Amino acid sequence: MPLTLELALGCARAWARDEAFHRHCLSDRRFMLDSARRSLGHRWSLGPVVGAWGAIVSFAATQAGCDRQQSTLAPAGREAQQIADLFWWMFGAGALIWLFMMGLGAYVLVSRRRPHSERQTRLFVIVGGAVLPTILLVILLCCGLAMLPRLVARAPTDSLTIDVHGVQWWWRVRYALADGESIELANEICLPVNEPVGFNLRSEDVIHSFWIPSIGGKVDMIPGRTTRLVLHPNRTGIFRGACAEYCGTSHALMNFYVRVVSRDEFDAWLARQKRDAVSPTEPSARRGAQLFVSSGCGACHTLRGTSARGRVGPDLTHFGSRHSVGAGILPNDRQSISHWLQRTGHIKPEVEMPDFHVLGEEQLADLAAYLEQLK
Amino acid sequence: MSLQDEQAQRLLKAWETPKGWRYWSTVNNSHIGLWYTVTAFAFFLFGGGLALLMRIQLAIPNNDFLSADQYNQIFTMHGSVMMFLFAVPIFEAISILLLPQMLGARDLPLPRLSAYSYWCFLIGGVFVCGSIFFDAAPRGGWFMYPPLTVAYQPGIGADIWLLGLSFIEVSSLAAAVELIVGVLKCRPPGMRLNLIPLYSWYILVVAAMILFAFPPLIAGDLLLELERAFDWPFFDARRGGDPLLWQHLFWIFGHPEVYIVFLPSVALVAMIVPTFARTPIVGYSWVVLAAVGTGFLSFGLWVHHMFTTGLPGISIGIFSAASQAVAIPTGIQLFCFLATLLVGRVVHSVSLLFVFGGLSTFIIGGLTGVMVAVAPFDFQAHDSYFVVGHLHYVLIGGAIFPVIAGCYYFAPMVTGKQLSERLGQWSFWLAIVGFNVTFLPMHLTGLLGLPRRVFTYPSGLGFETLNLISSVGAFVLAAGLLVFVFDILRPRRRQAWSPRNPWQAGTLEWLAEMPSRSWGIRSIPEIDSRYPLWDQPNFVRDVDEGRFYLPDAEEGQRETLITSTIDARIIYCLRVGGPTWLTFWAAIFTAGVFIFATYHWWVATGISGLLALATILVWLWTGTAVIPEKPRKHVGLGIDAPLYVSGPQAVGWWAMFITMLGDMTAFASLVFGYFFYWTIHDDFPPQPSPGPGLLWPLTGGTLVAFAWLCTCAARRWNRQERTLPFYVGVLLSVVLALTGGAAMLAGPWTSRLDPTAHVYPATVWVLVGWTVVHVALGALMNGYCTARRIAGRMTAEYDADITNVRLYWHFVALTTLVTVAVIAGFPRVS
């Protein structure tokens with residue numbers, strides 16, 4: 001790679017790694033403004049347009065508040081970081097080119113000038129239309145291609161591997177364990193920070209696309225194929241993923257949460273997930289457990305350690321420990337659970353799960369109590 | 001009455017437009033072009049209305065203005081309508097309207113084909129759009145990815161998309177054939193290929209792109225509809241199919257499509273800029289080369305729509321490079337326009353304003369396009385709102401604004417009256433501000449992580465305000481466009497006629513009188529400049545006084561000149577078809593085939609197909625290759641030109657040749673499918689599948705080859721006045737073709753290949769079926785030639801029919817050869 005290119009990329013990375021950029025929700029808003037001003041204004045000196053964009057970005061960041069859980073511009077993984085750097089460089093260069101073209105346009109259309117000779121303009125066309133774009137594009141191509149091998153590489157053999165299946169409209173997640181066994185959960189992924197993780201992506205029905213914007217790019221899940229993705233999360237926190245390929249009626253409601261934690265926390269989490277479903281102690285939850293059986297929930301859902309072994313729907317063994325209900329669309333609390341059970345098809349149009357409004361308020365509350373304590 | 005007036009009277013009479021309800025039987029390009037333009041624009045407004053509904057739904061998070069299903073229908077229809085019913089047709093519409101004027105021709109060479117294309121477009125478009133009012137619209141996205149659009153969407157929506165839009169694609173292809181022949185053969189004498197207006201160059205490039213880009217999609221439509229209707233598993237992974245084949249076929253169409261939409265608008269810019277710079281275009285040949293280069297490159301980029309499908313890094317790298325390279329010819333074109341303005345003295349107008357607004361917008365779309373061509377960035381941006389922002393910058397900046405500029409520019413030529421500069425200014429500023437307010441924030445919405453095609457989004461992730469801004473902007477943009485529509489539609493009875501050539505342009509279309517006359521041009525001029533109105537002395541006077549070619553219509557026929565492809569020497573005087581209802585009925589019955597098939601009413605489909613075939617045969621029988629009352633006629637300036645030619649000199653031969661190139665492209669796409677499956681399977685054909693064997697395919701192939709040879713011989717014997725051998729040859733070829741086709745079918749039939757069992761038998765059946773249909777059509781054509789000869793409508797001298805049919809048979813022979821080689825030969829060598 002040419003030295004200048006190296007330097008340029010180095011600068012971008014340095015900026016992007018700016019410690020404060022990633023830290024601390026409370027100071028985020030002020031920080032985003034500052035950061036935008038500093039990095040956009042000083043390092044590139046791109047003038048007012050970039051300033052305006054910077055303002056828009058920081059404005060958007062204030063919009064997002066502490067919850068920039070889905071933003072490619074608040075990276076929490078090596079891949080997302082590299083791509084965000086690349087974006088900012090391309091954006092800066094693009095803005096410059098656009099301003100240059102607008103300047104030319106203004107000169108041509110508005111200024112009072114004598115007509116130029118055709119000979120003069122020949123060089124103008126060759127340099128402006130062919131030579132300069134070619135040089136810029138070659139540089140860009142080199143940058144892009146240089147990044148590519150690492151983005152499409154396989155994960156190191158001993159790294160954590162997770163199978164994720166896209167299903168209309170939720171995610172089946174399976175962790176292969178060291179002892180050859182595996183555990184299954186749904187719509188939630190937990191990752192150890194600063195370790196490579198490989199995903200094997202498959203689809204059980206139509207094409208989906210697996211995307212955690214904060215951590216890295218997306219890869220499609222295609223029936224009949226297994227696609228792969230490697231990510232390196234490098235910041236702890238809770239992030240949100242989405243299905244990026246239109247997959248039918250409730251495509252918009254196919255989300256999931258990703259928790260990036262320290263290795264110790266991850267091990268503890270995995271150990272908890274390995275256990276069977278807890279038995280209910282609270283009276284309401286005990287009634288809920290009976291309802292779970294009598295309503296036939298086990299036909300579709302699995303609760304490890306109980307008679308429920310259905311495979312059609314999500315595994316619910318540790319449902320209560322998850323971040324959301326209904327694939328990232330409702331918070332996980334009793335109220336939401338009973339709301340979900342009552343109006344499933346309304347909340348998520350054309351979902352396969354029937355709603356259980358026939359059960360009545362009290363029974364739904366029992367069922368919700370049972371599900372919630374499945375930590 | 002002077003001789004000149006008498007001539008003018010006769011000319012007017014020949015080109016007279018029918019009155020009253022018969023007006024709708026007219027086929028002249030200036031009327032068809034206008035209907036086409038208005039219809040395409042109506043579809044644009046419909047698609048825009050759908051967009052506003054979407055923006056209302058997305059204005060606030062968790063909105064329930066539209067249900068998920070409604071939203072999905074609406075976004076599918078918005079994309080499909082804008083692409084298939086507006087973007088491509090509007091280019092063909094404007095070209096049908098303008099091209100003959102620019103070339104100083106009286107009409108396009110096959111006016112009835114344009115009329116047929118228009119009626120197909122209207123009926124198909126209304127059918128597709130209407131579905132949304134019955135909650136039956138397609139809901140699979142404009143890209144229709146299987147398997148979502150097969151087993152998971154049982155209603156008729158997807159069929160409406162596949163069949164309705166295939167129908168419109170056929171009509172687009174018909175118009176493309178018409179335009180290619182128009183540019184190549186209908187130029188005025190002396191207008192060598194290096195003198196034609198830039199617009200025509202672009203049209204040539206774009207029509208050729210349509211010719212090679214649409215057939216893969218039509219082939220894909222065929223496969224997907226076969227899977228939907230008959231369960232042939234082309235895209236079903238469980239039975240050996242692969243959903244990715246659809247994506248390849250779709251994007252081999254879909255990426256050139258972007259340039260098919262964008263280049264015609266550049267073509268308009270290339271006409272407008274020199275006029276308002278008052279100087280010829282700078283770098284004519286650079287612009288031409290750039291346009292051709294863009295056309296070529298655009299076929300090598302499709303995979304950049306599939307960067308996230310898990311392709312190997314090497315293909316991603318190659319397609320990433322190609323995708324960026326396409327920016328270079330675009331840059332050259334832009335700089336040529338800027339250079340032209342630099343050389344000239346700029347005159348300001350609303351047209352130029354829209355051009356400038358369009359280009360400044362398009363540059364942003366181009367720059368973000370280069371960004372998403374960089375694969376790593378695409379991994380994040382793909383299928384996010386960033387791409388929605390990007391593509392609207394490209395399409396609205398690159399196509400809609402220039403088209404509006406074109407409307408302001410060409411309105412006086414078409415209607416005889418100018419549009420309002422003041423309303424134009426209003427429209428421009430509203431539209432450009434509204435546009436940027438709508439689509440600029442979308443880039444950011446996408447980077448914040450919002451995927452495309454979502455009917456709603458949650459609050460708390462930073463999407464709310466940006467979406468609200470976009471929604472407000474959308475209504476401002478709509479207001480700007482409505483001002484423009486008002487300017488077009490407002491009554492202008494009291495407005496004075498525009499002066500002739502109001503912009504003082506230099507190209508032939510500005511010879512048009514205000515109001516224009518149905519003859520198009522008083523006499524067809526001799527050209528020796530790119531800007532004859534600027535460069536050739538006394539040009540307008542000479543044209544108006546009928547001093548050039550064809551100033552008269554002695555026989556009361558509609559005539560125009562056909563010239564040679566490169567240097568535009570006169571070849572012959574073509575008599576084009578006049579008003580007829582046949583094209584209308586042919587379109588109705590063709591529509592019946594597609595519409596009835598949507599509902600699986602196979603009997604009605606068959607009947608409608610037969611009626612369509614019959615109507616088209618009557619149309620051909622009465623309207624084509626008509627033997628003239630005399631072999632030659634005086635066309636003016638002391639030149640005698642023939643009235644009938646056959647073979648490569650004739651427009652009919654060119655139309656057949658170009659159509660068959662498109663046909664072969666569709667066939668090649670099916671063959672591509674076969675080899676695609678071969679590459680993804682370890683064993684293809686899967687063992688122990690019997691395959692169609694060697695015997696029957698070889699027998700069928702040999703018989704078809706003999707049918708082809710008999711047809712060639714029959715043409716020769718006909719020309720040598722050996723009547724009996726001709727009849728024997730042509731009828732023998734019918735028999736050989738039919739038995740050959742039957743033998744081809746016997747291959748998969750006798751070996752019991754079940755097309756629903758696995759993708760291999762399905763692929764074999766499709767290739768065989770495609771071939772057999774072509775062979776059967778060839779047999780029908782030979783029967784037609786026999787009847788023509790018996791009826792005396794074809795003779796030894798006037799033999800265009802059999803000559804064109806022979807050309808068709810060359811392609812059939814090639815198709816058969818390839819099919820036999822693939823289904824019988826390939827399994828033995830692989």
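The following legends describe close-up views of a predicted model.

View 1. With a relative accessible area of 10%, B:L338 is buried, because buried is defined as under 20%. Its contacts, leaving aside residues up to four places away in sequence, are A:M101, A:L104, A:G105, A:V108 and A:F124. B:I281 is 57 residues from B:L338 in sequence, and their C-alpha atoms are 9.8 Å apart in space.

**View 2. Packing of helix α6 of chain A with helix α9 of chain B.** Two packed helices are described by the angle between their axes and the distance between the axes. For α6(A), residues 118-152, and α9(B), residues 313-325, the angle is about 160° and the axes are 10 Å apart. The two helices are therefore roughly antiparallel to each other, since the term applies to angles over 145 degrees. The crossing of α6(A) and α9(B) is right-handed. From α6(A), the residues A:L137, A:L140, A:L141, A:L145, A:L148 and A:V152 meet B:G313, B:I316, B:G317, B:S320, B:A321 and B:Q324 of α9(B). By class, this contact comprises eight nonpolar and four polar residues, with no charged residues.

**View 3. Strand β1 of chain A and its pairing partners.** Strand β1(A) covers residues 160-167, of which seven of the eight are buried, so the strand is largely enclosed by the rest of the structure. With β5(A), residues 197-203, β1(A) pairs in the parallel sense over seven bridges. In this pairing, A:L201 of β5(A) stands opposite A:V164. With β2(A), residues 170-176, β1(A) pairs in the antiparallel sense over six bridges. A:V167 has A:W170 in β2(A) as its bridge partner, and a hairpin of two residues joins β1(A) to β2(A).

**View 4. The five-stranded open sheet of chain A.** The strand order is β3-β2-β1-β5-β8, and the pairing is mixed. At the edges are β3(A), residues 182-186, and β8(A), residues 227-231, each of which pairs on one side only. From one strand to the next, the twist averages 25°. Strands β2(A) and β3(A) pair in the antiparallel sense over five bridges, and the bridge partner of A:R172 in β3(A) is A:A186.

**View 5. Helix α7 of chain A across the sheet strands.** Helix α7(A), residues 263-274, lies across β1, β2 and β3 of chain A. Relative to β3(A), this helix runs at about 95°.

Key:
Residues are numbered from 1 along each chain as its sequence is written. Chains are lettered from A and ligands numbered from 1 in the order in which they are written. This is a predicted model: local features need pLDDT of at least 70, side-chain atom pairs count only at pLDDT 80 or more; totals for chains, interfaces and linings use all residues. Side-chain values use heavy atoms; hydrogens and water are left out. Buried means under 20% relative accessible area, exposed over 50%, partly exposed in between (1.4 Å probe, protein chains only). Contact means heavy atoms within 4.5 Å. Axes are lines fitted to C-alpha atoms, for helices over the stretch in contact, and angles run from 0 to 180 degrees between N-to-C directions. Helices (H or I, at least four residues) and strands (E, at least two) are DSSP runs, numbered from the N terminus. Angles under 35 degrees count as roughly parallel, over 145 as roughly antiparallel, 65 to 115 as roughly perpendicular and the rest as oblique. A crossing is left-handed if the near helix is turned anticlockwise from the far one by less than a right angle, and right-handed if clockwise. Ala, Val, Leu, Ile, Met, Phe, Trp, Tyr, Cys and Pro count as nonpolar, Asp, Glu, Lys and Arg as charged, and the others, Gly among them, as polar. Two strands pair if DSSP finds at least two bridges between them.
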